[in-house]
Amino acid sequence: MKKLKNLLFILILGVFIVSLSIALLLPDTFYGDLSDRLFNSDNNSRASNSATNGPELTTPKQTIPPRVTEPKKQPTSPTPPPKKPATNQSIGTNIEVVKGMDWRLPSYARRSTIGGLVSETRGPKDYIRGDFHIVRWDRTNPVSGKFDFSELQHQLNSRPGQQIVLRPEIYSRCETPAWALKQLRYTRNGSLIFWDQQYLELVKPYIQQLANFVRRNPQIVGVQLGIADGEYRGDCKRFELKDGWGEFTMNPQELLEAETDFGLTPALLESSTKHIVNAFVTAFGSNTHKLAFNNLEQFSWNSIAEPYNQRMPSIAKFVLDKGLGNRDGQVEHWMRYIHKVYGMQLEPMGDGTCSLLMDETVADRYAKRYWATENEIYGNLDYVLNEHGSYQNQPYRFLISSLRGLQMRRNYSLIFARAMQKIDHPVYKTQEFLRYLDKTMGKLRKDTPDLFILFGERYVADYRLAAEYPERKACQSNDRTAIRSFGRWITETSNSQPAMKIDMPESDKKWGQGFYLPNGTDYEYAARSSNEFSFNINEQLGKIRCPTRCNVVIKLTYKDDTKTTVWIETSAGETSKLTTKGDGKLKTASFTVELNPDNTLDRDDFRVKSGQGNLSLMLLRLNLLNP
């Protein structure tokens, strides 16, 4: 009996050893496939989620993002392109679908040294790149000839890893030291009369000391020039009554007062502004690229403003030729900044719509300057809700306006971190999107991990474009210009129709978009529908990052509103096909592809196709897997 037990033990042990050896020899993918079969009944999608006409805010949940299988890096030495195979040759079989949007980037993606998110309230360091500080003239120069930046220095020293943006408050009586205020004039609401020669004489020494401070602290990346716009609605001690932010603008009432009581003329506006800019340039020297002029568009509005606004192009050219950067303040109105001074171009698409493009020569010229935007009107404060409507629209607003900032190549964006920490959405995934912005702002063709193009149809009132764009007539119906797409380093053509209507009703403040929307229009479209989209990668980027062939992940965010098949086609062949479900939910499909782009002008590099029905495409992103 004892021998029988020993023999049985040896037999069981042998079976165990053999089984263990087989298990160790099996490929890793075997267990992934087995797990998928056991726990995922849908081979095409890990999860699904409702697509909505308007965002629906929910309590954020902590999630672990799904993993993208990335191919091994290609050799760095160039290899000759393969012979063109038959069009049905497979160029990629790895397809992954996730619910909602997918903001993952290649593993090498890191934040730029010349870009990122900035906040005046502290937020998570993994996406808040910089801190914003107001620098008051009265507190740092309380006595004539005496300058004290020690408090600001202490704040910078306590955050050595953060970049810093400053706004010197030298434009309002409420931040002016008493000794200087006695020698200056100001409007009824407190804006200093900056066109007085005495103002420039008094502020010049302060500008020089500020420049010296910036020189000693290289972590300072931006300094906003505050000129005009210094209004308070009451007591200077109550910061909540501050209405002016030095944004080089006047409302029509203040402009009338400036003319009648203080002698302002259009010529004086131009000459005095240039003198102030020259004072900053002289003081800042090699750091002039850190200076940001706050307004390049219009000085005021209504008929009184016209002769002043006619001086703005000359002022803008002077500022930019001197080497300064720019900061715009209302990208929350995402179709506002569409003028050529920002490098914008309209390209008629032949179907009554236009694509909004970026002039790459303009982008290159300003790439290393502080070229920023502000996207901060979020949260549940009264002024936010009064201007931009309900809290529930904020995830969509932040998504579209932030992508517009990227399209404009804004390398920094000031946000309200305290409010943004509380905002998330199951479809738009705001918290993941913030981390995506952190890794993509400030990137150039040579180091970007990501290209994108946003679809839809967004409408701009004709008078906003009439002065600069005669070609807009090819993009209009009912006296409104239709913008079908905008993006960064990638363009599209398609015979497509608008899809995914987003209602922005008057009862909800038009979500703050009334600035540019035509009368009678209170909606936009967030996608376009077609059975074929063609895409062209920026040729200069392609020659740098993908001169022959490269591995990419093409991410399609789409509304799954019909049962069809979807695939990617290039000159080398086709990917495997994704079968959609037609359940009406917003999803993102990732196709891993070996791309062989045609880096010649205006030639398509790849196409997205669908079979039995059209694809409603909201966003296409292309991840470059190799640095």
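**Helices, bridges and cores**

Tutor: Let us begin with a helix pair: α13 and α15 are roughly parallel to each other, where roughly parallel means an angle under 35 degrees. Helices (H or I, at least four residues) and strands (E, at least two) are DSSP runs, numbered from the N terminus. Please keep in mind that this is a predicted model: local features need pLDDT of at least 70, side-chain atom pairs count only at pLDDT 80 or more, and totals for chains, interfaces and linings use all residues. Residues are numbered from 1 along each chain as its sequence is written, and side-chain values use heavy atoms, with hydrogens and water left out.

Student: At what angle do α13 and α15 pack, and how far apart are their axes?

Tutor: Axes are lines fitted to C-alpha atoms, for helices over the stretch in contact, and angles run from 0 to 180 degrees between N-to-C directions. Here α13 (residues 394–407) and α15 (residues 430–440) pack at about 10°, their axes 11 Å apart.

Student: Which residues in α13 and α15 meet?

Tutor: Contact means heavy atoms within 4.5 Å. Among those in α13 are Phe 398 and Leu 399, and α15 brings residues including Phe 433 and Leu 437. By class, this contact has nine nonpolar, three polar and no charged residues.

Student: How many disulfides are there?

Tutor: A disulfide is a covalent bond between the sulfur atoms of two cysteines. The rule used here is a pair of cysteine sulfur atoms within 2.5 Å, and the count comes to three. In sequence order, the bonded cysteines pair 1-2, 3-4, 5-6.

Student: Where do Cys 354 and Cys 475 lie?

Tutor: These two form a disulfide with sulfur atoms 1.6 Å apart. Cys 354 lies in strand β10 (residues 354–358) and Cys 475 in the loop between β13 (450–461) and β14 (476–477), so the pair ties together parts 121 residues apart in sequence.

Student: Are Cys 354 and Cys 475 buried or exposed?

Tutor: Buried means under 20% relative accessible area, exposed over 50%, partly exposed in between (1.4 Å probe, protein chains only). Both Cys 354 and Cys 475 are buried.

Student: Which residues have the most contacts inside the largest nonpolar core?

Tutor: A nonpolar core is a set of buried Ala, Val, Leu, Ile, Met, Phe, Trp, Tyr and Cys residues joined through side-chain atoms within 4.5 Å. The largest has 117 residues, and Phe 194, Phe 284, Phe 293 and Met 618 have the most contacts inside it. Helix α6 (residues 197–216) gives the most to this core, with 10 residues.

Technical notes: Parallel < 35°, antiparallel > 145°, perpendicular 65-115°, else oblique. Nonpolar A, V, L, I, M, F, W, Y, C, P; charged D, E, K, R; others polar.
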